[in-house]
Amino acid sequence: MFFKPSDPNMAYMGRIDHSDPDAPALFWAGSQIRFNFKGTSLKISAVNHSYWGELALGVILDGEMIKIPLSPENNGKEVLLTAAENLPDTKHEVVIYKKHAANQLLVFKGVEIDGTLLEKPALPRLKMEVYGDSVCAGEVIEAVEYVGQCDPDGHNSRYDNVWNSFVMQTARNLDAQIHNNCQGGIALFDGTGYFHHPDYIGLESTFDKLCYFPEGGVSQWDFSLYTPDIVVIAIGQNDKHNGRTDKDDIDISDPVYRTEWQTAYIKMVRTLNDKYGSPKFVLTTTVLMHDPEWDKAIDEIKDRLNEMGIRAYHNMFSRNGAATPGHPRLPEHNEMAEELTAFIKNNVL
């Protein structure tokens, strides 16, 4: 039996375009569909628009991860993907999620099962939102043989998986919903960082977007649709790159630039604070190696925000900016998730 995306027993999480209720579009990594069913098989109907990389659809079935490769031959076509067969004819819990960031646009078209959907799963009451870079998006996370090393050559997205990124783990640890608005290579300012070469796009242009990459058709997000209790901002890793040369030549120690960067960062936080009615902000970077001066600048931002009456906290990991020259792998994400969970429980909640 086929069930459409508009079925009332399906729950959604993330910035998702529901303008066509039977073809919701997923843009941000970690956006997801949740439902329960009784039956012995599960097939998923979807349209994948791939822009680069070796991509897969992510599924969590009864707590077990399933990765369904998305063939380039089917790019832009509706396909029916087999997730599971020969299951026991009992209740099953399912999460379908977008594994990758801007290298794909995923349109969900429904599910086929040999049984029936069960009651809609309840979403957690606590709500998180994250603005961050490739670490938050789980890029190269599964290259576990490269722990503490640079990324493997030619990885081409095959090791990406947002599900176990430290922010997604933290949300599950806290029993919270999450809107994971993160993109690899992103910096604060347009024209800096590494996202969307050669016309680099910054967080200043994506934080308020539903679709945030030009290939998918940029659109505005309606902030009234989701009001988080906790907002995590994890940028500062890519901001050293000016986008004009191959050199990372932006110096956050330069007083003029430091003031400019901090002013824009604070402006964005104040906008979010006004939209959400005074949530709590957790400012952080990650264990990926970087100049500690960025963290000092963020600490100064935290102090200024608190002086303005905005509740801001600065998280520093035990190996902040010092653990690895390449993307953190799963063990390092586990470490960060444990520390960030404890920080939020002890200081924020």
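1. A salt bridge is taken here as a side-chain nitrogen of Lys or Arg within 4 Å of a carboxyl oxygen of Asp or Glu. The structure is a predicted model. Asp299 and Lys302 meet this criterion, with an N to O distance of 3.8 Å between their side chains. By the same rule the count comes to 12 salt bridges.

2. Lys302, with a relative accessible area of 18%, is buried, since the cut-off for buried is under 20%.

3. Arg15 and Glu129 form another salt bridge, in which the closest N and O atoms are 3.3 Å apart. This pair links distant parts of the chain, 114 residues apart. Arg15 sits in the loop between strand 2 (11–13) and strand 3 (16–17), while Glu129 is in strand 13 (residues 126–132). Both Arg15 and Glu129 are buried.

4. Arg158 and Glu54 also make a salt bridge through their side chains, at 2.9 Å from N to O. Arg158 is in the loop between strand 13 and helix 1 (166–173), and Glu54 is in the loop between strand 6 (42–50) and strand 7 (56–61), so the bridge ties together parts that are 104 residues apart in sequence. Arg158 is partly exposed, with a relative accessible area of 37%. Glu54 counts as partly exposed at 38% relative accessibility.

5. Some of the charged residues are joined in a network. Salt bridges link Arg258, Glu293, Lys296 and Glu300. In general terms, side chains of opposite charge can pair when their charged atoms come close.

6. A separate point concerns strand pairing. Strand 6 runs antiparallel to strand 9 (residues 78–84), and 6 bridges join the two. Within this pairing, Leu42 has Ala84 of strand 9 as its bridge partner.

7. Strand 6 also pairs with strand 11 (residues 104–113), again in the antiparallel sense, over 9 bridges. Here Asn48 stands opposite Leu106 of strand 11.

Note on methods
Residues numbered from 1 in each chain as written. Predicted model: local features only at pLDDT ≥ 70, side-chain atom pairs only at ≥ 80, totals over all residues. Heavy atoms only, no water. Helix = DSSP H or I, 4+ residues; strand = E, 2+ residues; numbered from the N terminus. Buried < 20%, exposed > 50% of the residue type's maximum accessible area, 1.4 Å probe, protein only. Pairing = 2+ DSSP bridges.
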